[in-house]
Amino acid sequence: MSAEAEFQKLLVDTIKGNAGVMAIAAGCYDRPPKDPFKGKSAYVTLGSFEQLEDDADCISGFEFTQTLNVWSKAVGGVECKNLASLLRKLLHRADLSLTTDALVQLTVERVVTGKARDGITHQSVMTLSGQIEEVV
């Protein structure tokens with residue numbers, strides 16, 4: 001499994017494994033199903049993943065940016081902000097481990113909350129960044 005896929009699996013498993021997050025969110029999806037809310041009013045999707053090679057002497061690795069999207073159809077932006085805050089607390093500087101490669105660091109760099117294009121749904125766009133050292 002690539003380091004990128006390994007990180008995605010870790011991220012989704014970490015989010016789905018948190019009771020506080022999952023009390024609000026219906027799920028965390030790479031590709032949302034037809035009804036992503038599943039009886040709740042919020043869910044999380046993975047956005048873009050960007051990597052920049054960051055090799056050092058005898059160490060193969062890269063820096064990355066991962067976007068998470070929080071979606072909420074609850075009236076007002078409070079639920080969306082609360083869910084984004086829970087995710088920030090869960091992920092920022094979290095001590096998480098990859099199976100094969102090494103997650104050197106993970107930080108939540110930015111959270112921007114506003115209305116989605118439909119003018120009704122609220123959306124928080126979260127920018128995570130980190131560094132992975134690959135086992136070669």
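User: Let's start with the sheet: in what order do the strands come?

Analyst: This is a predicted model, and in it 5 strands form an open sheet in the order β1-β2-β3-β5-β4, with mixed pairing. The edge strands, each pairing on one side only, are β1 (25-29) and β4 (102-115), and neighbouring strands of the sheet are turned against each other by 20 degrees on average, direction ignored.

User: And how many bridges join β4 to β5?

Analyst: There are 12 bridges between β4 and β5 (residues 122-134), and the two strands run antiparallel. As one example, Leu-103 has Ile-132 in β5 as its bridge partner.

User: Which helices pack on the sheet?

Analyst: Helix α1 (residues 3-16) packs on it, touching β1, β2 (42-53), β3 (60-72), β4 and β5, and its direction makes about 35 degrees with that of β3. Helix α3 (residues 78-91) also packs on the sheet and touches β1, β2, β3, β4 and β5, while its direction makes about 10 degrees with that of β5.

User: Which residues of α1 are buried?

Analyst: The buried residues of α1 are Ala-3, Glu-6, Phe-7, Leu-10, Leu-11, Val-12, Thr-14 and Ile-15.

User: Switching topic, what about the protein overall, say its radius of gyration?

Analyst: The radius of gyration is 15 Å, which agrees with the value near 14 Å that a compact globule of 136 residues would have. Of the 136 residues, 43% count as buried, and the accessible surface comes to about 7,600 Å², of which 49% belongs to carbon and sulfur atoms.

Conventions
Residues are numbered from 1 along each chain as its sequence is written. This is a predicted model: local features need pLDDT of at least 70, side-chain atom pairs count only at pLDDT 80 or more; totals for chains, interfaces and linings use all residues. Side-chain values use heavy atoms; hydrogens and water are left out. Two strands pair if DSSP finds at least two bridges between them. Helices (H or I, at least four residues) and strands (E, at least two) are DSSP runs, numbered from the N terminus. Axes are lines fitted to C-alpha atoms, for helices over the stretch in contact, and angles run from 0 to 180 degrees between N-to-C directions. Contact means heavy atoms within 4.5 Å. Buried means under 20% relative accessible area, exposed over 50%, partly exposed in between (1.4 Å probe, protein chains only). The radius of gyration is taken over C-alpha atoms; the globule rule is 2.2 Å times the number of residues to the power 0.38. Accessible areas come from the Shrake-Rupley method with a 1.4 Å probe; for residues, only the protein chains shown count as cover.
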